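Hi,

Here is the structure I promised you. Have a look at it first, and then read on for what turned up.

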Amino acid sequence: MAHSGQLTSHPFQSQPSKFPSDVEHAPRVATSSHSGCKTEKLQIKVNDGHDGSFTAFFHRPDDSSGNSISTVGVILLSGAGGGVTGPSGIYLSIADKLASLPDGQAIPTLRMDYRYPARNKYCVSDVFAPMDWLQIESKLDINRFVLVGWSFGGAPAFTVGGKDKRVIGVATVASQTAETEGIKEFAPAPVLLLHGTGDRTLSPRCSERLYEMYGSTKGQRTLHLFPDDDHALTRNSKNAEEMICEFIVKCAGIALDTKVKNNIEADLGPDTVEEKIGIMKKGGDLGGLEHVE
């Protein structure tokens with residue numbers, strides 16, 4: 001299924017005020033075994049009658065490793081304000097971990113902004129553009145995808161997933177229910193729904209409703225509620241990060257052996273709530289209507 005989109009390399013220094021260099025990787029990746037992956041800052045152009053472009057960060061293994069990579073790609077979608085770091089900044093760690101999985105099992109992962117945040121019609125086109133590029137033009141043989149969405153990001157994730165069979169899994173954190181009807185068409189592909197019961201931006205009832213909308217007759221649905229946690233899961237971000245990584249690895253058909261589990265369980269992200277919020281601000285994830293609470 002082809003859609004109109006073009007992806008071209010873009011220098012890291014092109015938008016220093018919006019995306020500083022410290023949102024290229026997780027905070028502690030340089031001192032870990034995950035430093036073998038590299039990040040490319042890209043500018044994605046979308047031609048859909050409302051032409052424009054947005055910034056993305058593409059994580060992939062270092063070419064010098066010579067290892068093969070998975071044919072599954074991951075796209076990480078932020079909320080109503082756009083941005084590239086996700087709830088509590090976990091997208092940085094998720095991308096670095098997946099792109100550095102051992103033994104030729106690395107999963108290429110892309111963190112993307114939006115042209116018009118919170119407008120699902122356009123954000124859906126934004127998701128299709130890198131999917132098509134990764135499959136057709138990247139020469140990486142990627143032909144299946146897992147989408148991860150935070151807050152508003154659940155809308156484009158489930159809209160695309162309900163339309164395109166290349167999507168083999170969707171995970172969400174504190175998703176909204178508006179414009180998520182695509183989940184009704186998504187089974188038997190699996191879904192993972194995470195939410196904090198103390199979320200004051202979107203009630204945990206939203207994820208409970210998505211669980212019901214998915215249906216119980218076929219497929220695999222998992223709902224996990226974190227007691228008293230907030231919209232960005234600041235109290236349980238590392239647990240959420242590990243759950244999402246394990247979900248993606250299973251979708252990709254990779255065994256959760258000791259090496260893979262050690263990779264996933266590494267602590268690469270920020271420690272304190274203040275540090276987590278700081279990364280989200282640097283990555284643009286707290287713009288517009290998005291909140292931590």
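A word on terms before anything else: helices and strands here are DSSP runs, with at least four residues (H or I) for a helix and at least two (E) for a strand, numbered from the N terminus. With that in hand, the span 118–239 comes out as 34% helix and 21% strand, and its end C-alpha atoms are 27 Å apart. Those are the residues that UniProt lists, in an unreviewed entry, as "domain: Dienelactone hydrolase". Do keep in mind that this is a predicted model.

Next, helix 3, which covers residues 154–163. Eight of its ten residues are buried, so that helix is mostly covered, taking buried to mean under 20% relative accessible area. The buried ones are Gly154, Ala155, Pro156, Ala157, Phe158, Thr159, Val160 and Gly161. What do they pack against? Their partners include three helical or strand neighbours you can find quickly on screen: helix 2 (120–137), strand 6 (144–150) and helix 4 (205–214). Strand 4 (72–77), strand 7 (167–173) and strand 8 (191–196) are also on that list.

Then there is arginine 111, in strand 5 (residues 109–112). Arginine 111 is buried but has no salt bridge. The nearest side chain of opposite charge belongs to aspartate 96, 6.7 Å away, and a salt bridge would need the charged atoms within 4 Å. What does the arginine 111 side chain contact instead? One partner is histidine 59, through a side-chain polar contact of 3.0 Å. Another is the backbone oxygen of valine 84, which lies 2.7 Å from a polar atom of the arginine 111 side chain.

Last, asparagine 47, which sits in the loop between strand 2 (37–46) and strand 3 (52–61). Its relative accessibility is 35%, so asparagine 47 counts as partly exposed. Asparagine 47 is 78 residues from serine 125 in sequence, yet their C-alpha atoms are 8.7 Å apart in space.

Cheers

Terms used
Residues are numbered from 1 along each chain as its sequence is written. This is a predicted model: local features need pLDDT of at least 70, side-chain atom pairs count only at pLDDT 80 or more; totals for chains, interfaces and linings use all residues. Side-chain values use heavy atoms; hydrogens and water are left out. Buried means under 20% relative accessible area, exposed over 50%, partly exposed in between (1.4 Å probe, protein chains only). Contact means heavy atoms within 4.5 Å. Lys and Arg count as positive and Asp and Glu as negative; His and the chain ends are not counted. A polar contact is a pair of N or O atoms within 3.5 Å; within protein, one must be able to donate a hydrogen and the other to accept it, and residues adjacent in sequence count only if both atoms are side-chain atoms. UniProt positions are given in the numbering used here, feature names are shortened, and annotations may be inferred rather than shown by experiment.
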